[in-house]
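Subject: Handover of a structure and notes on its contents

Dear colleague,

Please find below the structure that I am handing over to you, followed by a summary of what was found in it. I would be grateful if you read the notes with the model open beside them.

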Amino acid sequence: VSLGDPIIQLPDIPSDQAQSIHHLLHNYLWSGDVTGGNNEGSVVYSFLPGVGSLANGHPTQWNIAPNAGGAKVSNAGVRRSSSAGAGAFTQYHDFSFFAYGKDIRAGEEILVNYGKGW
């Protein structure tokens with residue numbers, strides 16, 4: 001559907017900040033289990049600032065789906081344990097979606113199945 005999205009992982013959000021972040025991004029967050037970021041913390045949400053934020057949800061009439069391969073992970077040679085640059089960028093990237101069933105025409109709504117919780 002597009003070039004892959006970068007993924008911004010939001011692990012273990014402190015409880016005093018969780019309410020504000022949840023209210024702001026609730027409909028735009030994905031589970032860390034879907035994006036591969038589930039090992040970044042106890043509870044991980046992922047923000048996909050591209051197609052992942054554009055898609056609306058529909059349980060049966062979706063026309064895109066996440067690629068089964070998930071995201072690519074690369075630290076770009078920056079060591080998380082010793083580099084001042086660690087944490088300055090996301091190492092998760094290229095999370096992509098594919099058109100499911102047919103091509104998507106210009107102007108057509110993008111729909112994805114968010115899962116049973118929705």
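Asp94 is partly exposed, because its relative accessibility is 28%; the term covers values between buried, which means under 20% relative accessible area, and exposed, which means over 50% (1.4 Å probe, protein chains only). Asp94 belongs to strand S7, where strands (E, at least two residues) and helices (H or I, at least four residues) are DSSP runs numbered from the N terminus. Although Asp94 is not a glycine, its phi is positive, at about 60°.

Before going further, please note that this is a predicted model, in which local features need pLDDT of at least 70 and side-chain atom pairs count only at pLDDT 80 or more, while totals for chains, interfaces and linings use all residues. Residues are numbered from 1 along each chain as its sequence is written, and side-chain values use heavy atoms, with hydrogens and water left out.

Salt bridges

Asp94 also takes part in a salt bridge with Lys72, in which the closest N and O atoms are 2.9 Å apart. A salt bridge here is a side-chain nitrogen of Lys or Arg within 4 Å of a carboxyl oxygen of Asp or Glu. This pair links distant parts of the chain, since Lys72 lies in strand S6 and Asp94 in strand S7, 22 residues apart. Lys72 counts as partly exposed, because its relative accessibility is 48%.

How many salt bridges does the structure hold? There are two. Lys102 and Glu108 form a salt bridge through their side chains, with an N to O distance of 3.3 Å. Both residues count as partly exposed: the relative accessibility is 46% for Lys102 and 23% for Glu108.

The loop between S6 and S7

Ala76 is located in the loop between S6 and S7, and it has a positive phi of about 55° although it is not a glycine. Is Ala76 buried or exposed? Ala76 is exposed, because its relative accessible area is 63%.

Gln91 is also found in the loop between S6 and strand S7, the latter covering residues 92-95. Gln91 counts as buried, because its relative accessibility is 14%. When its neighbours within four places in sequence are left aside, Gln91 is in contact (heavy atoms within 4.5 Å) with Glu40, Lys72, Val73, Ser74, Asn75 and Arg80.

The sheet

Strands S6 and S7 belong to an open sheet of five strands, ordered S2-S3-S1-S7-S6, with antiparallel pairing. Strand S2 (29-31) and strand S6 (72-73) are at the edges and each has a single partner strand, so one side of each is left without a neighbour in the sheet. Two strands pair if DSSP finds at least two bridges between them.

Strand S1 (residues 5-11) is joined to strand S3 (residues 44-47) by four bridges, and the two run antiparallel. Within this pairing, Ile8 has Phe47 in S3 as its bridge partner, and Pro11 stands opposite Val44 in S3. S1 is also joined to S7, by two bridges, and these strands run antiparallel. Here the bridge partner of Asp5 is Phe95 in S7.

The protein as a whole

The secondary structure consists of three helices and nine strands. Starting at the N terminus, the elements follow the order β-α-β-α-β-α-β-β-β-β-β-β. The C-alpha trace spans about 45 × 35 × 20 Å along its principal axes.

Of the 118 residues in the protein, 26% are buried. The accessible surface comes to about 7800 Å², and carbon and sulfur atoms account for 52% of it; such areas come from the Shrake-Rupley method with a 1.4 Å probe, and for residues only the protein chains shown count as cover. Among contacts between residues at least 6 apart in sequence, 72% join residues at least 24 apart.

Finally, the protein has 6 positive and 9 negative side chains, and the centres of the two sets lie 6 Å apart. Lys and Arg count as positive and Asp and Glu as negative, while His and the chain ends are not counted; the place of a charge is taken as NZ of Lys, CZ of Arg, CG of Asp or CD of Glu.

Yours sincerely
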